[in-house]
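The following exercises concern one protein chain. Each gives a task and then a solution in steps.

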Amino acid sequence: RYLDYAHEIVAEMDDPHASNPPPNLVRNAFCDAPVSGRYPICPCDTRRHTKAYEMLSCFEGLVEYSKITHDFRALRSAVLTAEKLFKDEINVMCAVGYADRFASAARRVNAVTEYCDVIHWVRLCRFLYEETGDEKHLDRLEKAFYNAALAGFERDGKWTTHFVRSHGYGHFKAPKQVGMQYHQCCVDNAPRLATTVSEIAVRSLSSGIIEVNLYSDLTASFKGGELALSGNYPVANEVTLRLASDSPRVLRLRVPMWCRQMKVDSKVVQGPYVVLPAASKGEWKISFDMPVEVVSRNSPELSKPLNRDECPDAETLFTASNHSPKKISPVRKSFAAYLMKGPLLLAKTAHLGDTEDEIFNFSTVNGLDAKASVEPIAPEGGVWGAWKLILTIPSGKRIETKVSDYASAADDGGYTAFSVWF
């Protein structure tokens with residue numbers, strides 16, 4: 001009966017009639033329009049049809065439906081939509097959407113995304129990887145997890161954000177809902193993120209091969225053995241992998257797409273996966289090349305102005321939901337550059353003593369062919385990773401400041417000044 005109901009739902013999502021009634025998610029996935037442009041603007045609620053995590057969860061369902069029914073069209077609709085979202089809706093925090101809707105987020109410098117959207121983007125990437133085997137979905141999952149997702153967990157582990165954003169005075173705290181003391185949708189959804197990432201980090205495949213996809217510190221138990229990773233990845237760039245098994249196991253290690261060079265026991269390996277010979281016990285050193293990349297946001301497409309219909313009152317949305325009148329976060333009028341160190345987005349933060357002028361009032365290096373280098377320093381203010389950053393541009397100008405990983409730059413639930421823009 002449930003499968004019959006699923007058939008009915010999917011059929012309604014693929015309505016061939018000219019009226020093309022919203023949301024028609026399967027049928028619309030095969031059109032050229034961006035997701036944000038497939039539905040009419042509704043005067044009473046601009047988010048009615050492009051509300052982000054609700055739509056993402058539907059595509060999760062379509063992937064699972066295809067797994068059971070072998071409906072290739074349902075799976076293809078999810079693949080095509082994920083590609084459109086990655087092109088038009090990926091924000092600087094490596095998640096998708098703007099303020100809980102699809103609204104050309106890739107073209108927004110005042111980036112803000114609901115935590116539920118991050119969670120369901122990670123989940124969709126996981127499901128797509130499992131069904132297609134395409135490593136790019138893991139690359140997207142990894143960057144979303146180590147940046148937007150971890151930024152949303154408050155340090156004490158008791159609550160989450162409602163929105164994470166690119167800069168300002170802290171993220172937007174999740175408000176308690178419907179008069180309940182311990183309920184908020186993003187907080188309730190967070191365990192899904194934890195289980196999704198732990199289930200994809202290490203997999204025991206039906207062939208008996210153990211697949212390692214993420215390199216965070218972890219212990220993975222399986223029948224007859226255990227696998228452990230340590231090394232503080234990705235703040236550090238070398239990890240130790242240990243295996244103890246009753247019988248020989250083949251290990252299949254993911255080579256991240258962002259990694260220019262990965263080594264196993266000092267030997268360069270090629271991706272997308274490297275297979276280690278069967279062993280019952282062993283220890284391997286895995287290192288990742290993680291130079292800092294300066295990413296400029298200056299393409300004509302990204303700089304094209306947004307009209308009001310695409311996202312009404314963007315500045316109000318960015319600044320007004322902080323649940324406190326204490327400090328209104330500054331709104332940027334133009335793009336700046338951002339920095340990636342391996343899968344990590346870097347940020348300036350008051351936790352490291354960066355001043356508000358350094359954080360908010362700076363001359364951007366965007367489009368100036370800037371080069372970056374970092375030196376590890378002792379973390380302060382509870383941040384996870386900390387570095388001294390040196391930026392140089394061809395004119396000879398040199399900029400020095402301190403940076404942390406984005407995830408811990410403002411995860412204390414307070415009003416910490418931070419920014420990912422340089």
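The model used here is predicted.

**Exercise 1. The packing of α5 and α6**

Task: identify which residues of α5 meet which residues of α6, and describe how the axes of α5 and α6 cross.

Solution. 

Step 1. On the α5 side, the contact is made by Tyr115, Val118, Trp121, Val122, Cys125, Arg126, Leu128, Tyr129 and Thr132. They meet His137, Leu138, Arg140, Leu141, Ala144, Phe145, Ala148, Ala149 and Gly152 of α6.

Step 2. Sorted by class, the contact of α5 with α6 holds 13 nonpolar, three polar and two charged residues.

Step 3. Two packed helices are described by the angle between their axes and the distance between the axes. For α5 and helix α6 (residues 136-152), the axes come within 9 Å and cross at roughly 160 degrees.

Step 4. Angles over 145 degrees count as roughly antiparallel. The two helices, α5 and α6, are therefore roughly antiparallel. The crossing of α5 past α6 is left-handed.

**Exercise 2. The nonpolar cores**

Task: find which members of the largest nonpolar core touch the most other members, and which helix gives the most to this core.

Solution. 

Step 1. The largest nonpolar core has 112 residues. Those touching the most other members are Trp121, Tyr215, Leu227, Leu253, Met262 and Phe288.

Step 2. The helix that gives the most to this core is α5 (residues 115-132), with 11 residues.

Step 3. Take Leu227 and leave aside its neighbours within four places in sequence. The contacts of Leu227 are then Val202, Ile210, Val212, Leu218, Thr219, Ala220, Phe222, Leu241, Arg242 and Leu251.

Step 4. There is also a second, separate core of six residues, with Tyr98, Ala99, Val112 and Phe172 among them.

**Exercise 3. Backbone geometry**

Task: locate the cis peptide bonds at Pro234 and Pro272, then the positive phi values of Ser104 and Asn232.

Solution. 

Step 1. Most residues other than glycine have a negative phi, and most peptide bonds are trans.

Step 2. The bond from Tyr233 to Pro234 is cis, with omega near 0 degrees. Pro234 lies in the loop between β8 (225-230) and β9 (238-254).

Step 3. Gly271 and Pro272 are joined by a cis peptide bond with omega about 10 degrees. Pro272 sits in the loop between β11 (267-269) and β12 (273-288).

Step 4. Ser104 has a phi near 55 degrees and lies in the loop between α4 (72-88) and β1 (112-114). Ser104 is buried, at a relative accessible area of 6%.

Step 5. Asn232 has a phi of about 65 degrees and is in the loop between β8 and β9. Asn232 is partly exposed, at a relative accessible area of 33%.

Methods: Residues are numbered from 1 along each chain as its sequence is written. This is a predicted model: local features need pLDDT of at least 70, side-chain atom pairs count only at pLDDT 80 or more; totals for chains, interfaces and linings use all residues. Side-chain values use heavy atoms; hydrogens and water are left out. A nonpolar core is a set of buried Ala, Val, Leu, Ile, Met, Phe, Trp, Tyr and Cys residues joined through side-chain atoms within 4.5 Å. Buried means under 20% relative accessible area, exposed over 50%, partly exposed in between (1.4 Å probe, protein chains only). Helices (H or I, at least four residues) and strands (E, at least two) are DSSP runs, numbered from the N terminus. Contact means heavy atoms within 4.5 Å. Axes are lines fitted to C-alpha atoms, for helices over the stretch in contact, and angles run from 0 to 180 degrees between N-to-C directions. Angles under 35 degrees count as roughly parallel, over 145 as roughly antiparallel, 65 to 115 as roughly perpendicular and the rest as oblique. A crossing is left-handed if the near helix is turned anticlockwise from the far one by less than a right angle, and right-handed if clockwise. Ala, Val, Leu, Ile, Met, Phe, Trp, Tyr, Cys and Pro count as nonpolar, Asp, Glu, Lys and Arg as charged, and the others, Gly among them, as polar.
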